[in-house]
Amino acid sequence: MKTVKVVAAIIHNDNKIFATQRGYGEFKDGWEFPGGKVEPGETPKRALIREIQEELDTTISVGEKLHCVEYDYPTFHLSMECFWAEIISGDLVLKEHEDAKWLSKEELDSVDWLPADLELVEKIKENM
Ligand SMILES: Nc1nc2c([nH]c(=O)n2[C@H]2C[C@H](O)[C@@H](COP(=O)(O)OP(=O)(O)OP(=O)(O)O)O2)c(=O)[nH]1
Ligand SMILES: [Mg+2]
């Protein structure tokens, strides 16, 4: 099965986490952590900075890696590195997503996460 390498940002501020709702494609309407596919020759951190600039018009600093999700979807294997991140500048403009929310620890279960994200959400709760 094909492996897709993805990076995701756990953007946090004031004890809240930024979640986004996918606006198109196979997983439309599912909630995720913003980010995307790593391009050939790119480091995960550079890829994440690029993706957040593209998707949210925002510059982030990338912190520690919290977790790497390994998940089998029916048609591909997802390998997703997940990093803590903070906003340096920008207003989190939704250029591709249809909605977004800042979620507290108690609110993290209130959105419909993509299947691969459920284990990550548990990790985040342990670290909030
Ligand atoms: N960004 C992101 N992708 C996730 C998460 N959970 C999850 O299963 N995925 C899957 C959905 C996609 O199949 C794949 C990467 O998605 P992506 O669509 O964000 O990639 P991308 O930004 O580079 O955009 P594109 O090339 O698909 O247009 O990872 C998550 O929390 N964040
Ligand atoms: Mg993306």
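## L92 and the basis of the model

L92 is partly exposed, because 19 other C-beta atoms lie within 10 Å of its own; a residue counts as buried if 20 or more other C-beta atoms lie within 10 Å of its own, as exposed if 12 or fewer do, and as partly exposed in between, with C-beta atoms placed from the backbone. L92 belongs to the loop between β6 and β7 (99-103), where helices (H or I, at least four residues) and strands (E, at least two) are DSSP runs numbered from the N terminus. Although L92 is not a glycine, its phi is positive, at about 50 degrees.

The model is predicted, so that local features need pLDDT of at least 70 and side-chain atom pairs count only at pLDDT 80 or more, whereas totals for chains, interfaces and linings use all residues. Residues are numbered from 1 along each chain as its sequence is written, while chains are lettered from A and ligands numbered from 1 in the order in which they are written.

## Other positive phi values

Most residues other than glycine have a negative phi. N15, which is not a glycine, has a positive phi near 65 degrees, and its place is in the loop between β1 and β2 (16-21). N15 is exposed, because 9 other C-beta atoms lie within 10 Å. A further positive phi, near 55 degrees, is that of D57, the residue that follows α1.

## Annotated span and ligand shell

According to an unreviewed UniProt entry, residues 2-126 carry the annotation "domain: Nudix hydrolase"; UniProt positions are given in the numbering used here, feature names are shortened, and annotations may be inferred rather than shown by experiment. In the model, this span of residues 2-126 is 18% helix and 43% strand, and its end C-alpha atoms are 31 Å apart.

Ligand 1 is surrounded by 15 residues, of which E32, G35, G36, K37 and A116 are the closest; a residue is taken as near a molecule if its C-beta atom, placed from the backbone, lies within 6 Å of it. At least two residues of this shell come from each of β1 (3-13), β4 (35-37) and β6 (77-89). Nine residues of the shell are nonpolar, two are polar and four are charged, where Ala, Val, Leu, Ile, Met, Phe, Trp, Tyr, Cys and Pro count as nonpolar, Asp, Glu, Lys and Arg as charged, and the others, Gly among them, as polar.

## Helix α1

Helix α1 comprises 13 residues (44-56), and from its first C-alpha to its last it reaches 18 Å, close to the 18 Å expected at 1.5 Å a residue; the expected span is 1.5 Å times one less than the number of residues. Its buried residues are P44, A47, L48, I49, E51, I52, E55 and L56. The elements that cover these buried residues of α1 include β1, β4, β5 (59-72) and β6.

T43 is in the loop between β4 and α1 and is exposed, because 11 other C-beta atoms lie within 10 Å. T43 and V6 are separated by 37 residues in sequence and by 11 Å between their C-alpha atoms.

In soluble globular proteins, nonpolar side chains tend to be buried together.

Leaving aside residues up to four places away in sequence, I10 touches I17, F33, L66, C82, F83, W84, A85 and I124; contact here requires C-beta atoms, placed from the backbone, within 7 Å.

G23 lies in the loop between β2 and β3 (31-32) and is partly exposed, because 14 other C-beta atoms lie within 10 Å. Not counting residues up to four places away in sequence, G23 touches K28, E96, H97 and E98. G23 and A47 are 24 residues apart in sequence, and 21 Å separate their C-alpha atoms.

P115, in the loop between β7 and α2, is exposed, because 12 other C-beta atoms lie within 10 Å, and its C-alpha atom is 19 Å from that of E98, 17 residues away along the chain. E122, in helix α2, counts as partly exposed because it has 13 C-beta neighbours inside 10 Å, and 17 Å separates its C-alpha atom from that of P34, 88 residues away along the chain.

Conventions: Contact = placed C-beta atoms within 7 Å.
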